[in-house]
Amino acid sequence: SDETSLQLLKSLFLKKDDDCNVLFIGAYRRSNTNEPSKAPVGQEHIQESSSRDLTNFVKEILEKRAQETYLCMDVDNLSPDTIGQFIADSIEQDLTEDMQPIVGAIYSKTMGNILFVKHVMEALVRNNILYYDMVCFSWQFRADGDSKVTSIIEEQLSSDVMEVVKTKLRTFQNDLLQKALVVAAYAFSKSTFNIHILTFLMSNVYRIQDTKEPMGADLFSIQIPGGCISADIMKEALTEAFHEGIVLFENEQNGMVCRFSHDQIREAARALPGNERNQLLLRIARALIQCYDHFPDNEEHGGNEQRPLSVQKDDNLLFTAARHLNSIPSKLAEAVELVKLNLRVGKLAISRGGAFNEASIFLRQASKRLDTAGLRWRNAHYDLTLEVLDHLVQTEHFLGNNEIAAEIAQDIFQYARTLPEMCRAQCVYIEAISAKNNQNYEKSTETALGILDLYGIVMPKSPTSVQVKAEQGRLLLALRGRSLAACLSDFPIATEPNFVAEMKIARLANTHANFAKQSKLTQCLGYRMLTLAVTKGVITKDLSYLGFTLGGPLRREEKYNRAFSFANVGIRLLERFPQEREIEFLKAKMALYGTLVCLKSTFRDAIETFLELNSLLMAKGETEMGLASGMLAIYAFLNASLPISLLQPKLLQLQEMATTSGRQNFVDVFGLLLQCVYNLMGGKNSSAIPTMVDSGSFSEKDALDKREGAVKKMNNRDIAIIRLKLAVIFDDEEAMAEMVHRLDEYPIYDLPIERQHVRMCFMGFACLILCQNSRDTIYKKWANKCMDFFAKLSQFGSPNAPPVFACMKALRNPSLAAFDYAIDSCEECGLLHLAAVMNERCALFCSDQTESNRALFQSYLTNAFWYYNEWGATAKAFDLRARNEFLETAHDSKPESSGRLSTKSSTGSYSLRRYMLIHAKRYSNESIQQVS
C-alpha cells in the first residue's frame, strides 16, 4: 500500500460523478492498520509508513463516504468447523468427535488462517505426528491418544505460525535454494522477482565454489557443481520451492519470473538471517548497485562479465539498495559511498515524475550522513555537500516545508564560496519568504532585489516613470537600431555562471513584482536585463520571461501591437530551447501563453498547451504554477465554448490535485468552476437558484468568510465573474446588477487574459442589458469600457474579440440585422454559448414587436434552446422549455436543414459551425484524456 497507489485509489473512490456508477471493492488486513509492533526485523520503517498511510486511507474513505451507499464487511478467518473439515478432507477422512481435540490444537496455532493451517499440517508430517500408514493406506495421527497428540502439537510447534513457515524454509536441503529465497525476499521491492537478476545477485552476494573444493569457513559461500551458477540452475532449484507451495512461476519471459505464493512467506524468508543480517544486507545492496549499473543501455556489453539477460533496467533495484544501506549500522557502510547513493536515488526519484516525498527521504539521509560522518562542508567533500543541499532545499520547498527550506538555504549562504553556487538556494529562499508571509509578494520582491544587489545589479524599489523611460533608452542605445527579436535569435547561449545566476534571480524578482502589481519595477527589471544581454551578446532561458513581461504593462495600457512585439521576443527565445523541460522554463511558457499569446491565437488553440503545462509542472512538483495552468485551461475551454460536459471530470481531477497538495485557494477556484458547470447542466449537484454558487461542490459563504486578505479579495472577484456569467445566461437582472456592483472596484486589467475575457464579455452583456431599464451610471460606464476593450482588440486583430464585439453592438443598438450578424459571427467561431445568448436576446427583442413577428420570436427562441442543449447547458434549455409551451415539441438538437426565419439564411453558416463543433469535441476529448 504505497502512498501513490493510495492517492490514486482515493481520487477515484472519492470522486463524485452523476454520470457513472462504480463498484469499488477494496480489501486490507486489519493488522496492517495497527502500529508496527511486530514488524519484521529491519523493515520497521517500511511497515510503519505503510500502516500509517493505510490507516489514514481507510479512515478518510469511511468518513467522506459515510452518507453514501457502501458496505464494510469484516472477513474473519475460517471457523473451527471449517478448519476441521479442511483437515479431514486433506487426510481423506470423516470429521469425527475423536479429531476435535487435534483440530482445536491446530486452530489455536493458526486462528483459522488457511495458509498457516497448510503449513502446520506440513510441519506435523515433518515431525512424524501425522504419517501415512502403508498398511491401512491412509493418513493417521500418532497412536498415542488424542490428548497426547495435542500436547505434542503444543510442545513441538511454535506459538508463532511465522516460525512454522521459517522452519519449513530451513528444512530445504539445497543450500542454494534457501539462500536464494532470502536474497529474493530482500532484493526485490515486490513479491515478484526475475530469475536472471536473482542469479546475478547470488553470484555477487555469495562466493560460488565447486563441490570438489573444501567449504569456506565464512557464511557467504555456496558449493555448486562446476563452481558456476546459471539461470537454469537457479530455476531448477526454485522448482523444489514451487512443489512445496513456496513460490509460483509466472507466464512471463519464458517462465523466468517467479513470485512468492504469499507475502507472509516472503516475510518469513526475511526473518531467516540471524546475526549475519546486516552483512547480508550490505552485500545485497552492493550487488543491487552493481546489477543496476551493469544493465545494458545499448548493444555494447563488452567482456565476459555476467549480466542479467532479457530484462529491462529497473530503478527499484537502486532504491532498494539505498534503503538497505540506510537501515544497517553506519559503521558498516562507507559514508561517502552512502551519501552519493542517497543523492543519486533522490535525483532519480525527482526525475521519475516528481516523486518529491520519496526523494526527500533519501536526500535527508544523505544530509544526515554528511553530519554524522563529519563531512559537511569539508574541503574534500565541498561539492558533494553543495549538491546534496541544493537538491534538498528545492525538494523541501516543493513539499511546502518552507521553514526547513529557508534554514537549509541559510546554511548554503553561510558556507558556499561563490554567488552562483548559492543561486538555487537564493531562488528557494525568495519563494519561501513569499509562502511564509501568506503570499506577500511585496516582501519577497524586496528580498529578491536585495540578492540582486549582491550581484552588482542595483534596482530602485519603487521606480518612477522617468526611470522606466531611462532604462528603455539604454536598451535602445544598446540595440543601435537592430531588432531586439532578431538579435536574441542570433546570440549564443550564455555559459558564464554569474550571468546565468543574475538572470535567474532577476526573473524571479520580476515574477514576484508582477504578482505584487509593481508594473514599473517589472518594466525596469525587464529593460535592464535585456540591455545586459544585448551588451554581452548572449542569452539564457530565463530571458524569455523577462522579455515578454514587458508586454504586460503595455497590454494594461491597451497598446496591443507593442505588447505583442514583446510576446514575439519571448516566443523567439522559447524556440531556442525546444527540448527544455526545466521548471522555470515551463513557468515562463505558461506565463507567456496566459498573458500575451492569446491576443493573437484562439482560446481553443491554447487549451492543449495549458493542459500539457499542467501535467509537466505538477509532475515536477511546481504545484502552484501547475494548478494555475489547469485553471487557465478551464477558462480557455469556457471561452472556446466547447461542450461543458467534458469539463466535469477534468475539474474533479484538478480539485483533487489542489486538495492533495494543500492549495486551498485553488480548491476554491476549481470548486467554483465545477459548481458553474453543475448549475448549467442541472442535476442534484446544481444550486437551487442557478445564479447562486452554493451547493455540494462550493460554498460562497465559506470561500469568503474563511479567507482573509488577498485570497479573500481574489475569491470575491472570481465568484462575481462566474455568477455574472450565470446571471446573463439565466437572464437574472437582479443578480446581474449585484455582480456588476461587486466587480466595480476591480480594475479592467487582469494578468491572465483568459479570465479577463470572461469578465469583460459578460460585464459588457450585463451592463448593456441593464442600461435598457435603469439610469444607474455604473452600467453605462462599464458598457462603454467593455465595448472599447473589445473594439481595440478587434482592431488589433485578435480572433477572439470580433464575435463578442458584434454581440455587444447588437445589444446596444438592437435590430434583426444586428442580431443576425452577431449570431453568424458566433457560429463561424463555434461559440455556442454566445450564439445561444444572442438568439435568446433577439427573441426577446422580437417579442416586443407586433403580433405578426410571433413566428420570429418562436424561431429565435427555438434556436437558443438548441444551442444551449448542444453546448451542454441543459438546465437553461429545460428552463426555456418550462416557460415556453411551444418548445415542448422542439427537438433536443437542431435539424441540419433548419434555418432561422430572418432576412438572411444561415444554413451555410450552420453547416460550417457543425463541422467545427464535431472537430472541437474530438479534439477536446483527446486533449483531456491524454493529460488525465
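This is a predicted model: local features need pLDDT of at least 70, side-chain atom pairs count only at pLDDT 80 or more; totals for chains, interfaces and linings use all residues.
**Entry 1: H29 and H35**

I began with a pair of helices. For two packed helices, the description comes from the angle between their axes and the distance between the axes. I picked H29, which covers residues 623-640, and H35, which covers residues 753-771. Their axes come within 8 Å and cross at roughly 40 degrees. Angles under 35 degrees would count as roughly parallel, and 65 to 115 as roughly perpendicular. H29 and H35 are therefore oblique to each other. I also noted the handedness: H29 passes H35 in a left-handed crossing.

Next I wrote down who touches whom. H29 brings Met631, Leu632, Tyr635, Ala636 and Asn639 to the contact, and H35 brings Glu754, Arg755, His757 and Val758. Sorted by class, I get five nonpolar, two polar and two charged residues for this contact.

I then looked at the loop between H29 and H30 (647-660), where I found serine 641. Most residues other than glycine have a negative phi. Serine 641 is not a glycine, yet its phi is positive, at about 65 degrees. Is serine 641 buried or exposed? Its relative accessible area is 1%, and buried means under 20%, so I put serine 641 down as buried.

**Entry 2: another positive phi**

Aspartate 731 sits in the loop between H33 (709-729) and H34 (733-743). How accessible is aspartate 731? I read 27% relative accessibility, so aspartate 731 counts as partly exposed.

**Entry 3: H9 and H10**

Back to helix pairs. H9 runs over residues 195-205 and H10 over residues 231-243. Their axes come within 9 Å and cross at roughly 105 degrees. That angle makes H9 roughly perpendicular to H10. On the H9 side I noted Ile195, His196, Leu198, Thr199 and Met202, which meet Ala231, Met234, Lys235 and Leu238 of H10. By class, the contact of H9 with H10 has six nonpolar, two polar and one charged residues.

**Entry 4: H11**

How many residues of H11 are buried? I found six of its eight, so this helix (residues 263-270) is mostly covered. The buried ones are Gln264, Ile265, Arg266, Ala268, Ala269 and Arg270.

**Entry 5: valine 458**

Valine 458 lies in the loop between H19 (441-454) and H20 (465-479). Its relative accessibility is 56%, and exposed means over 50%, so valine 458 counts as exposed. Setting aside neighbours within four places in sequence, I found valine 458 in contact with Asp453 and Arg528. I also checked leucine 525: it is 67 residues from valine 458 in sequence, and their C-alpha atoms are 10.0 Å apart in space.

**Entry 6: asparagine 839**

My last stop was H39 (residues 832-847), where asparagine 839 is found. Asparagine 839 has a relative accessible area of 0%, so it is buried. What lies 2.9 Å from a polar atom of its side chain? I found the backbone oxygen of alanine 835 there.

Key:
Residues are numbered from 1 along each chain as its sequence is written. Side-chain values use heavy atoms; hydrogens and water are left out. Helices (H or I, at least four residues) and strands (E, at least two) are DSSP runs, numbered from the N terminus. Buried means under 20% relative accessible area, exposed over 50%, partly exposed in between (1.4 Å probe, protein chains only). A polar contact is a pair of N or O atoms within 3.5 Å; within protein, one must be able to donate a hydrogen and the other to accept it, and residues adjacent in sequence count only if both atoms are side-chain atoms. Axes are lines fitted to C-alpha atoms, for helices over the stretch in contact, and angles run from 0 to 180 degrees between N-to-C directions. Angles under 35 degrees count as roughly parallel, over 145 as roughly antiparallel, 65 to 115 as roughly perpendicular and the rest as oblique. A crossing is left-handed if the near helix is turned anticlockwise from the far one by less than a right angle, and right-handed if clockwise. Contact means heavy atoms within 4.5 Å. Ala, Val, Leu, Ile, Met, Phe, Trp, Tyr, Cys and Pro count as nonpolar, Asp, Glu, Lys and Arg as charged, and the others, Gly among them, as polar.
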